[in-house]
Amino acid sequence: MSTTTGAATLGAQLQDSPAITQAIDAITSEVRAKSAQITDIRGPVEGLGDDYESFMKRAGETRGRGLLYPYIGSGLGNGALVELMDGSVKWDMISGIGVHFFGHSDTDLIGAQVRSAIGDTTNHGNLQAGWEGYEFSETLLELAGRKSGLKHCFLSPTGALANENALKICYQKHAPASRVIAFKDCFMGRTVTMAQIGDSAGARVGIPLSTQVDYMPFFDEVAAERDGVTKFIDTSLVKLNEYIARYPLQHACFIFELVQGEGGFNTARRDYFKALMECCRANSIAVWDDEIQTFGRTEQMFVYEALDLGEYVDIFCVGKMTQVCATLFTERYNPKAGLLSGTFTGTASAFAAGTRVLERLRDGDFYGDTGINARHHKAFREQVKALAAKHPDWFPKVEDVPGSPGAKDIVGGIGGMMRMTPFGGDKAKITKACKTCFDEGVVLFYCGHGPFHLRMLPPLGVMKFEDWPRVFECVERGLAKVAG
Ligand SMILES: Cc1ncc(COP(=O)(O)O)c(C=O)c1O
């Protein structure tokens, strides 16, 4: 094969072409101009309603089941505001369940994706890929490696697949151990195996149970306050040691969700996790940290970093706001060739956007006690407290559900994981409130398995502090409809 000399490949010259840069600038300024016209919530635009009904019906028919919310996006928004296909505009306080941390129509992300679209392929694979996926991995590993021994990164398109890869690594390392330990109320995704590990009976109806899972209690702040933290930790350790003694050398891993997402935004203390992780270490059980929902939005980029637990983490998964999902592991857990692969690692546009998300989280002022995430959390709590002071009957005491992580307050979570508990956490009222709030102009969702909570994962990357009262005007109207 002959070689040519030259400082840049033709591909790089295309990327750097002034004509391309100009075209991208033209596109992003047009997006910015249209986006700027979205300034507040509004109802459907006259003349679009009938069409919207028909789109909703067609969307439901494709899925075989109607949509949970009448939500089909128009493709435009402005920060925390999103326009739907009927022309209505809503506050997006759930951001695709934690995906759109930088909100809607962010021109920095759009610019990066448009540039990625001129690459020669749509998808990148394990066999053939450009540099973009490795750039994402390098950026993530550099951040993850600051406070942990995580050294390598394997990409996948969804969180559940990142978790599947993590599980395979744990099984291979500790073969023939075949059991896993997980927390009560955990969520891991919806593949056949992850649905079995996830602690939700409704999510595995009809699925044969082939994975052996031992469940540990999650930290229960009500019980710890009542009986003392040390007693709670000691009792948990007794339970963990019981499992280990019952099934000697049969546990491949313990899956830690350091702040439970679907389980109800339950948080826990460092000493609780540390005690359990040390026990895993002593018994050759991999410590697997699933930060798919928490990543980026708590008071540090990684929860293990906030809790100073990085030294214990063997395997780590991330997803959602990173746009690309990934399984990270230490040198010791690097699997044998052949264990992990797949046709796609992801799309060029997801890598480009994901890398920009990581860079912006790294370079922004999101973390620490006075960072953006913590300050928004404080603003959220103030709104909930004010609402409860105005309508005390909407916020009765949250009943303690025995065996579940206690919710001793009507407001909880951490950073950009925000929960509030009206109506005592009653399931029917909370799910109804999701729909009435949607009708009143704010998209949110629920979490928890009892008590149930209203959940927000807002786009804190673009949310303004002065938006909170405007969001809560919608929440107040929505809750009023439930309170009747
Ligand atoms: C903690 C956790 N793990 C795994 C998943 C699964 O991710 P995905 O829905 O991208 O498959 C989720 C999704 O909500 C999650 O919250």
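Ser95 is buried, since 27 other C-beta atoms sit within 10 Å; here "buried" takes 20 or more other C-beta atoms within 10 Å of the residue's own, "exposed" takes 12 or fewer, and "partly exposed" is what falls in between, with C-beta atoms placed from the backbone. This is a predicted model, in which local features need pLDDT of at least 70 and side-chain atom pairs count only at pLDDT 80 or more, while totals for chains, interfaces and linings use all residues. Residues are numbered from 1 along each chain as its sequence is written.

Ser95 belongs to helix α4 (residues 95-98); helices (H or I, at least four residues) and strands (E, at least two) are DSSP runs, numbered from the N terminus. Its phi is positive, near 45°, and it is not a glycine. Most residues other than glycine have a negative phi, and most peptide bonds are trans. As for the peptide bonds, Ala175 and Pro176 are joined by a cis one, with omega about 5°, and Pro176 is in the loop between α7 (159-173) and β6 (179-183). Another cis bond runs from Gly450 to Pro451, with omega near 0°.

Turning to helix packing, the axes of α2 (residues 18-35) and α5 (residues 107-116) come within 10 Å and cross at roughly 145°. Axes are lines fitted to C-alpha atoms, for helices over the stretch in contact, and angles run from 0 to 180 degrees between N-to-C directions. On the α2 side the contact involves Ile24, Ile27, Thr28, Val31 and Arg32, and on the α5 side Thr107, Ile110, Gly111, Val114 and Arg115; a contact needs C-beta atoms, placed from the backbone, within 7 Å. Arg115 has its C-alpha atom 9.8 Å from that of Asp16, 99 residues away along the chain. Asp16 lies in helix α1 (residues 10-16) and is exposed, because it has 10 C-beta neighbours inside 10 Å.

Helix α11 (residues 270-282) buries Phe273, Leu276, Met277 and Cys280. Viewed down the axis, the buried residues fall within an arc of 100°, so they line one face of α11; the arc is that of the directions from the helix axis to the C-beta atoms. Elements covering them include α10 (229-246), β8 (251-256) and β9 (286-290). After α11 comes Ser284, with a positive phi near 60°.

Definitions and conventions: Two residues are in contact if their C-beta atoms, placed from the backbone, lie within 7 Å.
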